[in-house]
Amino acid sequence: MPNETKTIDGGMGAAKPHDSAHLHVTGEATYTDDVLEPQGCLHAYIIKSPHAHAKIKKIDVSACSIPGVHAVMTSKDIPGVNDAAPVFGGDPVFAETEVLYHGQSVAAIAAETIEIAHKAAKLAVVEYEVLAPILTTHDAIKAQKFVGDPYVMQQGDSKAGLAKGKNKLKGALDIGGQDHFYLEGQIAMATPLENGEMHCWSSTQHPSEVQHLIAKVLKIPDHLVTVEVRRMGGGFGGKESQASLIACVAAALAWKSRRAVKCRLDRDDDMIITGKRHPFHISYDVAYDDNGLITGIEFTQAADCGMSPDLSNAIADRAMFHADNVYYLGDSKVTSYRCFTHKVSNTAFRGFGGPQGMLAIEYVIDDIARALGKDPQEVRKVNLYDAKGALKDRCTTHYGMTVEDNIIGDIFAELEKTGDYSKRVAEVRKFNASSKVLKKGIALTPVKFGISFTLTMLNQAGALVHVYKDGTVQLNHGGTEMGQGLHTKVCQVVADVFQIDLDKVRITATNTSKVPNTSATAASSGSDLNGKAAEAAALTIKNRLIEFAAAHFKVAPQMVLFTGGQVHIGGKPMAFKELAMLAYTNRISLSSTGFYATPKISWDRAKAKGRPFFYFAYGAAITEVIVDTLTGEYKFLRADLLHDVGRSLNPAIDIGQIEGGYVQGTGWLTSEELWWNPKGEFKTHAPSTYKIPTGRDIPNDFRVALYDGENQEETIYRSKAVGEPPLMLGISSFLAIRDAIAATGKDRCLPPLQTPATPENVLKAIEAVRK
Amino acid sequence: MPDPITFILNGKKTVVEGLSPTTTLLQYLRRNAGLPGTKEGCAEGDCGACTVAVGKLKDGKTDYQSINACIAFLPTLDGREVVTVEHLKRDCKMNPVQEQMVKCHGSQCGFCTPGFVMALSTLMNNTKNANDEDIQDAIAGNLCRCTGYRPILDAARVANKDTNRALPSEPKTLATIQRNKMFSYEAEGKKFFAPVTVAELADIYAQYPAATILAGGTDVGLWVTKFHMELPVVIYTGNVAELRQIKETAEGLEIGGAATYTEAFAALAAFDPSMENLLKRFASVHIRNAGTVGGNIANGSPIGDGPPPLIVLKTKLVLRSKSGSRTLNLEDFFIEYKKQDRKPGEFVEKIIVPKKPATVQFRVYKLSKRFDQDISAVCAAFALEIKDGKVAEARIAYGGMAGTPHRATNVEKALAGQPWNEDTLRAGMKALDSDYKPMSDMRASEAYRATIAKNLLHRFFFETTEPATPTQVYRYAE
């Protein structure tokens, strides 16, 4: 029998470094801007609208053709459809008769250097008739301007529920947007090839869509376009749909000039031209009993979608899906408005609407606890869904899905213990009683996040695995690498299937010619979908090898075992590479595709009922903060995170996602403020004015742990998705600040803290509760 | 006859001609030198993805500092040694920072990583043993959007235990490319001069009075990278040794017009711990290694953090031109928004900060959305001389509250001669409304600025009357 103690290096659950880590630290990792430029490559610059809303009276780019300029394009020069939108249209590559946001693309220039393109751009003459912009959800609703129809999810009778509760509260919360601030800005480089083909390097989460949109814009079939992505310098959702515009500009200019064209947005253009996390205005009406148990609740969510639908309808849906977080809402109603504003079209961002919906219910729970004079944890616990394995009458969401896997009770119990919750709450209260200027706050908040694309069709993936004669493996799948470690995890899956060391598996750039019709790497689905597809491909080859070896060596198939870097055939070990060579010489195919479609899910959008999610990922965090009540400044003192990733494929990568998500979520709710002037000009378009957290902003004492458990659904090695859920652990930072503010006001006050909790907004809330 | 730009790049003597003088080091590395490891994240010195080490010859050795390559014009590297991330491996082996960044999982997307590696490798080179505060300071100008920083800090802590800390250097070659007279460079019809004496500087500026004076480039660099401006003639002050001097004289502390914030840090920090805190929050190490005290004054920004404390400390400004020097009170230099009392051909020769009498209570406070690397919403400086319990003299100045940094004369009047107590504080807070009409912008609203200006006076009151009461979150330690 095989020696079971021998294990491969880098199999499932191994905390291996990111597969490109050694390239990151030496500067050898190739990003799109680092790919060697083809001879004569041109550089594109986009001419932008200076107005939030205006009619275009005239575009004259004739003066732009100075020496060194090889192509100038406006909407009239697009051979195909002038649209780079993902689904519903409305995102012209170049504006035609009207501009709908400050920074909208109007024309583009390709020149031998970017400096010449800048110079040429100044010579364009564009005349506008300035019109009044709509800049808030309030004004959009008043004008009934939407990018999608209003939508409702409900359960039972919310009015009856509201009438039932002894106590009532109404409130509203302004939730700010967030710029992705991936360190690598949007970029694409398109190269025209023979016979009408176009190749495009694109920093995109969605190569298949970029391929399709380039084809549409150029009026050519999809099979003439190849899109390739080795890695992105961060994506976070910002390169899901909105990388397409940049790629289409590059491809259109390449088509016109017959030369390679690189379109790289500098930081300001990136932040001005491309969309962000949706700001929301959420109002609520809740009734509850003296224990804090919610008897009825209504939410109205107004999403600031910007000037086009983009992905806003799906995002607003997800905000609704997360209006419950971990709580059974009972008689409830969630109404959603997808507001049109004359701002950049807002888009996917880690959490995809979920964070905004979740923040609102956590704010409500916090309100109820404060109004009752209770610790928020008490109120949280009375409102939880039934626990996994003990489902009774409180397990159905407001969209009709049964929550079967709720483990938040266990997570609470463990985190309260490891984070010393009760003792620290008492210490905070004690500190505040005697501290004059500085006040502390603490909050524990949970996360339950639904995993799957809510558009069921998208939950599919493909992979391609080749085993070479020397026993090494090349792997390709439809997912893209943006730093999340997807490629590392999928390589681990394939290494585990073949039982070979991880360094024998090499992943190559995502390429639409290798795996077609892929979904975006989004919705945290990367390893769930692509891991399964790659596993399927590898298993196909492995099964061929088993069948071959059994026949060749005349043993039963079950006597062919892959383990510890070897294949044991009838008890005799053989190196994997020897078997690969033997199979090759016997004309056995060593290449296979793999495919996966997520089971069990279904969603009836017309009825707003179904099971949109395969499963939920859970987590909770405690954050403690100290606030300066004279200025509104604050510093996070400690954070304790406990998060559920099922059975971890790679604990090092998972912990990285959890910490990074928490800090990004905290940034969203604290220092990151998007600011438009009254004319609708976006003014925080660079790191000098838009402040993401730095190393000093993280808690002094930062503790992170993985919840020990496995996914009850049959996912890849029983793991759970981890990309988005931890971002919402950052809600604890916001509510910790609110807790500190409450210490400056009267007993049971409700600090009207709005997001982001900049020192200014903190001080405003302090002044309000002091009155 | 123009000189070529001559510097050492990753161990090799490198000579450059024909590139515009406002080509940035980053552009050169990526476009011309085939070194794409250094990244562009923002082109304004705020994200640190372009961090490189730049060394000057000092006592026969290369003295390295980290800078932002994205806003450093290539001719300013003449006579310097540059190390990029590609040059850290030795005999195919990564340096300790690189090794620990891999082991501690300090990279995710990897785009910011070369910058962090360079910032930390430079810190290692410059210290024998860095503490946590040093590590935080070293990367305050480096943004990471993926990791949440914890693994990067861990990597730095482990690497810091390593004795192999030196950046590679070629001081002997560096010695051969030093100049003892003005460096003149020209390309694409644009001129660049780097004088080495004050007299040379005065002469060349008199010859080209419309020239752009370039000190650290942390502002001028952005004119090119952000506003796509053409600068036909640039005069660089960074090679004028006399202008980089810092000395104590009978008159007080003298800081040369081209001394960087890093060079002036210790001398200025000695005025008060709150000044040290301000300097630490003044942009980042990479920016302070380039940006100058003189430039921060001369650009006349209403939100520069240098002027408010310097004004209340009664700083004198010495302007120099070919026709000689003149001295004025710093506060009189700022006339109105974007208008200063600087005549054609004049440049900042030095500032003189008088000694602070022991009876003067001095504090400076900065308020911004983020602790590190942020521009002030409001910067407030207070110098109060208290004799026999009464305010003998009050000097108070704010930045971010008007078109120029200037004194709060009405508050000063309200305080003067009064006992330093709660009533006087209230009177002072009230008077602030008549001193400033602040504006709303992306950094803060008018209302917030007006409120915190008062509350910072309140903080000053607490700190001077109840020193035991903790007032600042960043100073708070459990």
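Is Arg748(A) buried or exposed? In this predicted model, where local features need pLDDT of at least 70, side-chain atom pairs count only at pLDDT 80 or more, and totals for chains, interfaces and linings use all residues, Arg748(A) counts as exposed because it has 12 C-beta neighbours inside 10 Å. The cut-offs are simple: 20 or more other C-beta atoms within 10 Å of a residue's own make it buried, 12 or fewer make it exposed, anything in between is partly exposed, and the C-beta atoms are placed from the backbone. Residues are numbered from 1 along each chain as its sequence is written, with chains lettered from A and ligands numbered from 1 in the order in which they are written.

Most residues other than glycine have a negative phi, and most peptide bonds are trans. Arg748(A), not a glycine, has a positive phi of about 65° and sits in the loop between α17 and α18 of chain A. (Helices are DSSP runs of H or I with at least four residues, strands are runs of E with at least two, and both are numbered from the N terminus.) That loop between α17 (731-742) and α18 also holds Pro756(A), and the peptide bond leading from Thr755(A) to Pro756(A) is cis, with omega near -10°. Lys554(A) has a positive phi too, near 55°; its spot is the loop between α14 (526-553) and β21 (560-563) of chain A, and with 10 C-beta neighbours inside 10 Å it counts as exposed.

On to the sheet. Eight strands of chain A make an open, mixed sheet in the order β3-β5-β1-β12-β9-β10-β11-β20, where pairing takes at least two DSSP bridges between two strands. β3(A) runs antiparallel to β5 (105-111) of chain A over four bridges, and Ala71(A) stands opposite Ala110(A) in β5(A).

Chain A also meets chain B, with 68 residues from each chain in the contact; contact here is C-beta atoms, placed from the backbone, within 7 Å. On the side of chain A, α16(A) gives the largest share, seven residues.

Finally, Asn125(B) lies in helix α3 (113-126) of chain B and is buried, with 21 other C-beta atoms within 10 Å. Leaving out residues up to four places away in sequence, Asn125(B) touches Tyr64(B), Arg165(B), Ala166(B) and Leu167(B).

Terms used: Two residues are in contact if their C-beta atoms, placed from the backbone, lie within 7 Å.
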